[in-house]
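Here is a short briefing on one protein chain. Look at the structure first, then read the points below.

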Amino acid sequence: MTDKILVTRSSMPEIEEYIEEIKDIWDTHWLTNMGSKHKRLQKELEDFLGVEQVELFTNGHMALELCLQAMNLPKNSEVITTPFTFASTTHAIVRNGLEPVFCDINADNYTIDTSKIEELITDNTSAIMPVHVYGNICNIEEIERIAKKYGLKVIYDAAHAFHVSYKGQGIGSFGDVSCFSFHATKVFHCIEGGAACFKDKDFGIELYRLKNFGIRGPEIIDGVGANAKLNEFCAAMGLCNLRHIDEEIAKRKKVVERYHLHLTGIDGLQLNPVQADVTPNYAYYPVIFMEKAFGASRNEVFDALEAKNIGARKYFYPLTNSFDCFHGKYNPNLTPTALHISKRVLTLPLYSDLAMEDVDKICEIILECRK
């Protein structure tokens with residue numbers, strides 16, 4: 001392998017398909033501001049995801065941040081979330097003047113441990129922001145029960161869970177709102193982009209205003225908003241990629257099955273679980289390395305792969321509650337399971353056109369690390 005194998009590689013349509021999709025942009029000169037492709041993608045995603053309403057954004061982070069803002073939660077109130085996530089989740093909370101309260105995770109599927117949520121609820125708690133991790137789905141029923149009992153909002157970070165369904169229902173239909181990332185590294189992407197899925201029409205109006213400078217009409221700006229609109233070229237990429245999403249996921253599944261062929265049953269390796277009632281999207285391939293049982297640490301495996309030009313990723317490490325920007329503010333030892341997993345997890349390369357011989361080679365290098 002002469003070229004570096006990265007942990008992910010963006011799926012792309014044939015160039016001719018994308019050129020055909022963007023041709024009429026040269027006729028209209030409509031490049032952004034909710035043009036025809038934006039509107040088409042919005043409608044197609046509502047149908048595809050089985051949700052009532054979709055609002056598109058320039059990226060997934062702005063979807064999270066502006067959804068929190070649109071909820072008008074009390075300033076300095078607490079949002080229960082997980083530290084085992086990408087920076088965006090925690091930063092969206094903090095940038096809204098809210099306080100993240102970190103709940104530990106389950107050791108088996110890495111999502112928020114719902115048995116520990118209630119003990120974290122105070123009179124100052126306003127919301128829960130759970131994260132579907134690696135495409136693994138949170139305990140939706142229990143989160144809904146807790147939210148109803150205490151009158152809390154639920155904002156799902158569903159960045160990893162595009163086209164995942166639970167008991168036949170699209171994952172975007174749960175909670176008060178579910179937010180997706182359409183970043184280039186995701187199963188489905190628009191180069192850059194994001195979406196929020198929700199039911200409340202008034203919430204949607206507020207969300208639209210926030211992503212478009214607070215504009216209500218041509219001469220009415222009655223709020224202070226941001227600029228988080230998805231442009232037409234990104235929407236066009238999304239329209240193309242949506243046509244091929246089932247084919248892409250089927251290819252990813254074959255890569256996952258090849259990894260399983262080599263790594264299942266190996267002492268000291270914990271592989272990603274198959275969840276009951278969940279139709280997965282094969283977004284990531286995380287492996288937990290238990291050094292004593294396996295014979296090598298996560299970092300040793302990482303270095304061995306890197307030496308062979310293979311870019312695995314320590315995802316998620318470090319925990320968000322141990323970021324330098326929060327130094328001394330939070331204690332990661334209060335989320336011991338998340339801390340334990342973060343020091344041992346490695347996500348292996350996974351994308352639709354990853355060659356099977358490359359999967360074989362990756363696994364060979366990993367297994368050679370055993371002492």
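The protein chain has 13 helices and 15 strands. Here helices (H or I, at least four residues) and strands (E, at least two) are DSSP runs, numbered from the N terminus. This is a predicted model, where local features need pLDDT of at least 70, side-chain atom pairs count only at pLDDT 80 or more, and totals for chains, interfaces and linings use all residues. Residues are numbered from 1 along each chain as its sequence is written, and side-chain values use heavy atoms, with hydrogens and water left out.

**Overall shape**
- The C-alpha trace of the protein chain spans about 70 × 55 × 40 Å along its principal axes.
- The radius of gyration, taken over C-alpha atoms, is 21 Å, which agrees with the value near 21 Å for a compact globule of 371 residues. The globule rule is 2.2 Å times the number of residues to the power 0.38.

**Packing**
- Of the 371 residues in the protein chain, 56% are buried (under 20% relative accessible area, with a 1.4 Å probe, protein chains only).
- Take the contacts (heavy atoms within 4.5 Å) with a separation of 6 or more: 71% of them join residues 24 or more positions apart.

**A closer look at Thr8**
- Where is Thr8 placed? Thr8 lies in the segment before helix H1 (15–22).
- Thr8 counts as buried because its relative accessibility is 17%.
- Leaving out residues up to four places away in sequence, Thr8 touches Thr185, Leu350 and Tyr351.
- The side chain of Thr8 reaches the backbone oxygen of Thr185 at 3.5 Å.

Terms used:
Buried means under 20% relative accessible area, exposed over 50%, partly exposed in between (1.4 Å probe, protein chains only). A polar contact is a pair of N or O atoms within 3.5 Å; within protein, one must be able to donate a hydrogen and the other to accept it, and residues adjacent in sequence count only if both atoms are side-chain atoms.
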